[in-house]
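Please open the model in your viewer and keep the selection tool at hand.

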Amino acid sequence: MMRDQKLWAWHLIAGAVILVLLGVHMLTMHMEGVIRIQSLNPASVEHVDKDRVPQTRDQKSDEEDIHPIDWANVRARGVRTLYMASYIFLLGAALFHGLYGLRNILFELNPAVWLRKTLSALLLLLGLGLFVYGAWAAVMARAIARAWKA
Amino acid sequence: MSTKFENISYRIRRFDPERDTAPHWEEYRVPYTPGMTVLEGLWKVKELHSPTLAWRSSCRMGVCGSCGMLINGKPRLACNTQIAELSSDTVVVAPLPNFDIVRDLVPELAPMFASHQALMPYVIREDVEEREHPTNEFFQSAHELEHYLQFTYCIKCGCCMAACPTFATDALYSGPMPLGQAHRYNSDTRDGGFAARKQMLVGEPGPWRCHYAGECSRVCPKGVDPAKAIQLMKRELVFDYLGLHKTKCPANVAGKPTDGKRRDNIPEAPPHTV
Ligand code: FES
């Protein structure tokens with residue numbers, strides 16, 4: 001009977017996790033130019049892909065050319081277990097938060113009880129399937145980054 | 001609307017289950033007088049045109065909560081709504097949505113009161129003897145009263161239920177009035193019934209389907225904010241799930257003041273009659 005209380009509590013917890021991890025994502029990927037956090041984009045100048053030559057290169061220093069999605073940075077983050085764990089956490093939280101929200105929207109259409117149960121089961125299977133696939137991808141990405149480093 | 005109108009149109013949704021298969025609209029003209037309420041106009045319609053027109057009303061002063069109806073698209077109390085404030089010379093009246101219709105403007109409110117009753121809208125205490133035969137008042141500070149005072153103003157008119165989009169679509173959802181009243185008692189320091197009400201609130205009848213449209217609070221004729229009560233209730237229940245809910249002991253019986261001195265000109269209270 002306490003199913004809805006439990007699901008709602010986890011919905012909120014997942015929302016808080018998303019807030020924190022999406023904040024880290026924004027800091028890492030989109031706010032590089034505003035707040036430079038060395039530990040999030042640790043690649044140094046010598047790791048910069050020299051083939052990537054932006055149009056304004058001559059107006060910028062080498063350091064400014066290091067972009068969060070440069071392979072050196074992607075690899076430097078990817079080898080870290082903490083990053084891999086954060087990807088998996090974010091994936092789990094986003095899937096639960098999103099699919100529970102979708103379930104609430106679908107339930108507003110007032111489906112019959114058997115359809116409610118079927119929808120819940122389908123969404124659970126979808127969520128678990130996507131989570132396993134995404135988690136596998138995160139683990140493999142780390143393995144590839146490590147292999148590249150070696 | 002200019003008060004120079006002499007007549008006003010009433011468009012009323014009629015339904016007699018013994019005669020009609022579906023509701024239909026009928027229109028009437030009645031004389032307008034400044035300050036006239038929608039309820040007074042309905043009495044005029046009954047008097048001048050249609051003696052069979054049915055609705056509920058009693059106090060005519062926004063207290064009993066029986067005259068809730070859909071007036072010009074918004075759930076309101078007919079006795080508390082002046083025609084002048086509708087800014088139209090046509091008053092469109094229908095029974096409250098989200099309820100079955102008993103007849104004409106009379107909604108079937110029994111399911112609402114069944115949900116209300118199921119959530120135990122009364123003070124629950126373990127000291128039954130004291131509750132039933134009180135020796136004195138239960139202690140409650142003015143600050144503690146503030147936590148739930150506005151929710152006590154609910155007159156159970158059903159306007160919030162008629163405006164709620166979730167109640168309209170989810171048959172298992174209790175709706176803003178019963179949930180607001182459950183929160184009113186849950187946050188009363190004299191009450192110890194949180195655990196008992198929780199049995200219902202943690203499941204489908206609880207506050208979980210509310211997505212905070214806020215319509216219940218917008219239409220409440222008494223200025224109660226049931227949407228707020230529902231969000232506060234969600235918070236209490238999430239805290240409860242996380243083991244953070246403060247289990248309060250119901251307030252104790254307040255001791256009789258010992259240092260007060262009765263003034264000579266104030267007589268003793270008469271003995272209890274009940
Ligand atoms: S008649 Fe009592 S509230 Fe309108």
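Over all chains, a search of the whole structure finds 7 aromatic pairs, where rings of Phe, Tyr and Trp (its six-membered ring) pair if their centres lie within 6.5 Å, and planes under 30 degrees apart count as stacked, over 60 as edge-to-face and the rest as tilted. Select A:W8 and A:Y100, whose ring centres are 6.4 Å apart with the planes at 65°, so that this pair is edge-to-face. A:W8 lies in helix α1 of chain A and A:Y100 in helix α3 of chain A, so the pair ties together parts that are 92 residues apart in sequence; helices here (H or I, at least four residues) are DSSP runs, numbered from the N terminus.

Before going further, note that this is a predicted model, in which local features need pLDDT of at least 70 and side-chain atom pairs count only at pLDDT 80 or more, while totals for chains, interfaces and linings use all residues. Residues are numbered from 1 along each chain as its sequence is written, chains are lettered from A and ligands numbered from 1 in the order in which they are written, and side-chain values use heavy atoms, with hydrogens and water left out.

Helix α1 (residues 3-30) of chain A and helix α3 (residues 81-107) of chain A pack with their axes 8 Å apart, at an angle of about 135°, where axes are lines fitted to C-alpha atoms over the stretch in contact and angles run from 0 to 180 degrees between N-to-C directions. That angle makes α1(A) oblique to α3(A), because angles under 35 degrees count as roughly parallel, over 145 as roughly antiparallel, 65 to 115 as roughly perpendicular and the rest as oblique. The contact of α1(A) with α3(A) has 15 nonpolar, 7 polar and 3 charged residues, with Ala, Val, Leu, Ile, Met, Phe, Trp, Tyr, Cys and Pro counted as nonpolar, Asp, Glu, Lys and Arg as charged, and the others, Gly among them, as polar.

On a 1 Å grid over the protein atoms alone, a pocket is an open set of points with protein on both sides within 12 Å along at least five of seven lines, a cavity is a set where a 1.4 Å probe fits but cannot get out, and lining residues have an atom within 4 Å of a point. Grid points are joined across faces, edges and corners, and a volume is the space filled by probe spheres set on the points. Select A:R77, A:Y83, A:M84, A:S86 and A:Y87, which lie nearest the centre of this pocket among its 25 lining residues. The largest share of that lining, 7 residues, comes from α3(A).

Now move to chain B. The largest pocket has a volume of about 690 Å³, and of the 24 residues that line it, B:N186, B:E236, B:H245, B:K246 and B:K248 are the closest to its centre. α10(B) gives the most to this lining, with 5 residues, and the lining divides into 7 nonpolar, 9 polar and 8 charged residues.

Notes. Helices (H or I, at least four residues) and strands (E, at least two) are DSSP runs, numbered from the N terminus.
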